[in-house]
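Subject: Structure for your review

Dear colleague,

Please find below the structure that I am handing over to you. My notes on what was found in it follow directly after.

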Amino acid sequence: MLDLLIRGGQACLPGRGMQPVDIGVEQGRIVFIGNHGAPEARREIDARGLVVLPGAIEPHMHYGVYMPYDDDCRTESRCAATGGVTTVLSYFRHGKDYPDTVEDLIRRGEAQVAVDFGLHIGILSTDHIEQMGVLYRRFGISSFKFYTNYMYQVPELFKVPEEKALRLDDGDMGYVLQRMGAELPTATLCVHCESMEISRSPLFHREWDALPDKDTLGWYEKRSPDYAETVSALAAALLARKFRAKAYLVHTSAGLTADMLTPLLQDEETRRYVTVETCPHYLASTVESEAGLLAKVNPPVRYREDSERLWEGIREGTVGSIGTDHCNSSFEKKGGRTEQSKVKPGFGGVGLLLPLMISEGYHKRGLSLERIAEVTSTNPARVFGLTDKGRIAEGCDADFALVDLESEFTVKASELNSASDYSIYEGMRLKGRPVMTICRGNVVMDHGEICVAPGAGRYVGRK
């Protein structure tokens, strides 16, 4: 007898598209997909009128930045489930050695999370480079992050001795990718692409500081212009191709970046090593956002033409992954929305991952559900070594988002199961939302209500 049978939904199946099938689950795995002959089950879910997507994978989360790590694991994993997410990969970095720290993070996370999780680790020192192999073998951590935005600031920000601190310039990035290509070819370097040679140039700042309207998103956008991102992204892509190492370009914000990367990614060899991520806020928000400085983030939200170019990038294949860059904070910790110098970058978004993609992508722009499933689940699973996730196929983890495509709702921060008391999408009208999220066969969210206790999720090693 099956543990669970999902009956009558339209499921997104790899290579077959949307198909009316029943899906059987036993011991957290998919064991049956078909139109008839399903064994009996202890529990049945009637999915008629719903689409069944592979559970979304959030490849870009930040647990523990503005709020305590344990609290974020508890509340923001619940928020993730609300957005149809069944696996979260969270970034962590500090200047100390990682092995003991990571073991503690895993233990504490497993005690709190509602959905599965893994870790990306920031590389800030020469010691960290040497520890990558240890983290890979001992903990199944196969993804690391290179922060170009901290260039030449590591000793000051992270208390790393000068002789061990990375400069985080293109020279260091090339060295790390060379080492990864030779020693860890299945690992991935996540790169924050933002040229500090441009953004911190005294000549550039002289003009930027003289601009009026400093307490606006438009002014903030000019401090890190589109070409600063594009220059850095091109360097990362070329170095990854040169050293045959996997690079994942996080939170791509600029249409110019998509323009310049598109011809490079038409080369099969380059496409093998480079994946481009964007975020829902770059697709659905601009410098004209009614949220004002609540939408302050790095890199900044830009203009309508940038958003539309990124949507086209998703359609044509240049953009291969979606991550929300979710960073939970209260309105107070954020610093409000009115004074640039007091407002911190970052905000939540994971609770609306699938609703935004379906409403803005499927309904408004005709993006197929198959493509949405690829960029929100299948591709992140492939890039980051989540071999049992990202697909509705026999033998895979039973991770699903059951979506009502016709459900319309108005975004309210209070309904996202997050500790954050604001949303940059507050009041936005969306169409299409997950009504049930299932992780390894367990119903985690049912019509907005979280159904599991803290600790229901697991740490996922990736080898």
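In which order do the 9 strands of the open sheet follow one another? The order is E13-E12-E11-E10-E9-E8-E7-E6-E14, with parallel pairing. Helices (H or I, at least four residues) and strands (E, at least two) are DSSP runs, numbered from the N terminus, and two strands pair if DSSP finds at least two bridges between them.

Before going further, two remarks on the source. The model is predicted, and local features need pLDDT of at least 70, side-chain atom pairs count only at pLDDT 80 or more, while totals for chains, interfaces and linings use all residues. Residues are numbered from 1 along each chain as its sequence is written, and side-chain values use heavy atoms, with hydrogens and water left out.

The sheet and its helices

At the edges of the sheet are strand E13 (321-322) and strand E14 (326-327), each of which pairs on one side only. Strand E12 (residues 274-278) runs parallel to E13 and is joined to it by 2 bridges; Thr278 has Ile322 in E13 as its bridge partner. Helix H1 (residues 69-82) packs on the sheet and touches strand E6 (56-62), strand E7 (85-92), strand E8 (116-122) and E14. Its direction makes about 145° with that of E7; axes are lines fitted to C-alpha atoms, for helices over the stretch in contact, and angles run from 0 to 180 degrees between N-to-C directions. Helix H5 (residues 170-183) lies across strand E9 (143-147), strand E10 (188-192) and strand E11 (246-252), at about 165° to E10.

Aromatic rings

The structure holds 8 aromatic pairs (rings of Phe, Tyr and Trp, its six-membered ring, with centres within 6.5 Å; planes under 30 degrees apart are stacked, over 60 edge-to-face and the rest tilted). Tyr150 and Phe158 are edge-to-face because their ring centres are 5.1 Å apart and their planes stand at 70°. Tyr150 and Phe158 are both buried (under 20% relative accessible area, with exposed over 50% and partly exposed in between, for a 1.4 Å probe and protein chains only). Tyr248 and Phe384 form another edge-to-face pair, at 4.8 Å centre to centre and 65° between the planes. This pair links distant parts of the chain, 136 residues apart: Tyr248 is in strand E11, and Phe384 is in the loop between helix H16 (369-383) and strand E15 (400-410). Tyr248 and Phe384 are buried as well.

The charged end of Arg433 sits over the ring of Phe409, 3.8 Å from its centre (NZ of Lys or CZ of Arg within 6 Å of the ring centre and within 35 degrees of the ring normal).

Individual residues

Val411 is in the loop between E15 and strand E16 (429-439) and counts as buried because its relative accessibility is 1%. Leaving aside neighbours within four places in sequence, Val411 is in contact (heavy atoms within 4.5 Å) with residues including Leu352 and Tyr425.

Most residues other than glycine have a negative phi, and most peptide bonds are trans. Tyr152, in the loop between E9 and helix H4 (154-158), has a positive phi near 65°. Tyr152 is exposed, with a relative accessible area of 52%. The peptide bond from Asn298 to Pro299 is cis, with omega near -10°.

Yours sincerely
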